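Below is a short report on one protein model and its ligands. It covers aromatic pairs, the ligand shells and a helix residue.

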Amino acid sequence: MKSENTNKMKITNICCIGAGYVGGPTMSVIAQKCPDIKVTVVDINENRIKAWNDPNVENIPIYEPGLTEVVKEARGRNLFFSTDVDKAIDEAEMIFISVNTPTKTYGIGKGMAADLKYIELSARQIARVATSDKIIVEKSTLPVRTAEAIKNILDNSGKGVKFQILSNPEFLAEGTAVENLLNPDRVLIGGEQTKDGRAAIEALVGIYQRWIPKERLLTTNVWSSELSKLTANAFLAQRISSINAMSELCEMTEADVEEVARAIGADSRIGSRFLKASVGFGGSCFQKDILNLVYIARSYNLHEVADYWEQVIIINNHQRSRFSKKIVQSLFNTVSGKKIAFLGWAFKKETNDTRESAAIYVADALIEEQANVVVYDPKVKGEQMYADLDYLASRDIDENRNKLIVADDPYAACKDAHAIAILTEWDEFKTYDWKRIYKEMQKPAFVFDGRNLLDKEMLTEIGFVHYAIGKS
Ligand code: NAD
Ligand code: UGA
């Protein structure tokens, strides 16, 4: 680290462990905005790194609007992708840890706690390799007080190397990652409240303030920062479960959930965003982070707190399952042997990410009822859809391939179908020739709109039987 004056460190070399949905875009934007800093993103997944280095920038492994332009500008200049983790750690003054923190699938805390093995492995690797002082930045979403464990591992490397741990959680949403990184509502940096801790915070502030106004750079202690990330995701997911709970009541009472959302969202204390009723939230983080929050609360014996947040997940699971039940009931109580076309598999539009997508659970439930599901998604590959279904382990993998067919054309997917289910809100679905689709379907032709995307009036005029979330 070069010293600009007595207190300020100037960072010239950064590395990031983890080249995923967070590490890749985040570091690309930092590299674009700080051409004088060498940024190396490393990963143990060779294929992922190979894809990030693909000469055709369109083949980078993550689809995000605007990302290819950022990568095009910085890659090879000061942005590098590599599998040589040791070298990048050794050279960097600041190391971001951006590895995955999935829900544990084994042992204590199975199905609830965050699995921190990748975090611990990264910390141990840094401890083993580092020969000079470093700032370690937690970018992954972590349980509160994880920095303590990381510090413990690093401080016992026996080499006399000094480490400062910062928490700098990422708030980007997929599909808008680049926009969120370029213009974030805030950047949160938590650090030790000591002279060295404050210097480390300032070093990271120095990077972000190249393009983000200083008043949006919030600094706190480490624990507030770690807990704020879980809290933010819990609050966001809670809003969706709240409006989804109301959507079921709307269906019973002839209220319209979109009108209710508009009416409450006009209250500036409530606000209008994140009130879109849906087939249920998906994505890699909401469920995992709330389960983790529930687990943490229970581990402190805070059972009322845990129960409160767990309800957000219970309503989300209910929303997915009542959507599949609605399809079965509407199709005269049986979908056995019937073709159900899915438009969309990604957990939201503008991403190829399918983790925890509602589509997976709805497909699984319909296949259980012996339906033939045919899926079209403009960005998701068939092999991913099969991997998602296989992961649930509900049946033989050959049966999944028999019962779920992947279509590369939406009209072929819908041809001869008994029903269409909209699972992702891709804009292109609105522009389809719905008259043609209707003509080519079995009658009565049903549309189950899990995203309230399509125009009900247009569809019913054509002749469709139409169901949308939270509408009578
Ligand atoms: P991801 O699975 O896409 O990427 C993680 C990467 O880390 C993988 O490519 C994996 O191979 C790599 N990795 C794991 N262990 C490694 C090791 N020891 N050395 C080198 N590489 C290693 O995950 P993601 O979606 O980028 O999420 C990462 C973290 O960021 C999680 O904690 C998540 O909760 C958080 N987060 C994610 C998002 C999002 O939108 N996906 C947003 C905010 C925060
Ligand atoms: C979410 C948060 O929005 C990010 O701030 C956070 O950084 C990220 O999780 C994370 O920690 O991983 P993301 O999951 O990418 O981002 O996408 P969202 O836009 O939040 O959508 C999540 C799910 O909720 C999607 O399935 C979406 O369709 C659904 N949703 C969203 C609704 O059903 N209704 C809404 O009103 C909004």
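Is F286 buried or exposed? F286 counts as buried, because its relative accessibility is 12% (buried means under 20% relative accessible area, exposed over 50%, partly exposed in between, with a 1.4 Å probe and protein chains only).

## Basis of the model

This is a predicted model: local features need pLDDT of at least 70, side-chain atom pairs count only at pLDDT 80 or more, and totals for chains, interfaces and linings use all residues. Residues are numbered from 1 along each chain as its sequence is written, chains are lettered from A and ligands numbered from 1 in the order in which they are written, and side-chain values use heavy atoms, with hydrogens and water left out.

## Aromatic pairs

The count comes to 16 aromatic pairs. Rings of Phe, Tyr and Trp (its six-membered ring) pair if their centres lie within 6.5 Å; planes under 30 degrees apart count as stacked, over 60 as edge-to-face and the rest as tilted. F281 and F286 form one edge-to-face pair, because their planes stand at 85°, with ring centres 5.5 Å apart. F281 is buried, at a relative accessible area of 6%.

W434 and F464 are also edge-to-face, because their planes meet at 75°; the ring centres are 5.9 Å apart. W434 sits in helix α17 (residues 434–439), while F464 is in the loop between α18 (456–462) and β16 (465–468), so the pair ties together parts 30 residues apart in sequence. Helices (H or I, at least four residues) and strands (E, at least two) are DSSP runs, numbered from the N terminus. W434 is buried at 2% relative accessibility, and F464 is buried with a relative accessible area of 3%. Ring pairs join W434 and F464 with Y411, F429, Y432 and Y438 in a cluster.

## Ligand 1

Around ligand 1 there are 25 residues, of which D43, R48, T101, E174 and K288 come nearest (a residue is near if one of its heavy atoms lies within 4 Å). By class, this shell has eight nonpolar, ten polar and seven charged residues. Ala, Val, Leu, Ile, Met, Phe, Trp, Tyr, Cys and Pro count as nonpolar, Asp, Glu, Lys and Arg as charged, and the others, Gly among them, as polar.

Polar contacts are pairs of N or O atoms within 3.5 Å. An N or O atom in the T101 side chain lies 2.6 Å from an oxygen atom of ligand 1. A polar backbone atom of Y21 is 3.0 Å from a ligand 1 oxygen. For E174, a polar side-chain atom is 2.8 Å from a nitrogen atom of ligand 1.

## Ligand 2

Ligand 2 has 20 residues around it; F171, L172, S278, C285 and R451 come nearest. Its shell holds eleven nonpolar, three polar and six charged residues. Helix α9 (residues 222–253) gives the most, with four residues.

Oxygen atoms of ligand 2 take part in these contacts. A polar side-chain atom of K348 is 2.8 Å away from one. Polar backbone atoms supply others: G282 at 3.0 Å and L275 at 3.4 Å. The protein buries 89% of the 700 Å² that ligand 2 exposes when taken alone.

## R198

R198 lies in helix α8 (residues 195–208). R198 is partly exposed, because its relative accessible area is 45%. Not counting residues up to four places away in sequence, R198 touches E192 and Q193 (contact means heavy atoms within 4.5 Å). R198 and Y300 are 102 residues apart in sequence and 30 Å apart in space, C-alpha to C-alpha.

Key
A polar contact is a pair of N or O atoms within 3.5 Å; within protein, one must be able to donate a hydrogen and the other to accept it, and residues adjacent in sequence count only if both atoms are side-chain atoms. Accessible areas come from the Shrake-Rupley method with a 1.4 Å probe; for residues, only the protein chains shown count as cover.
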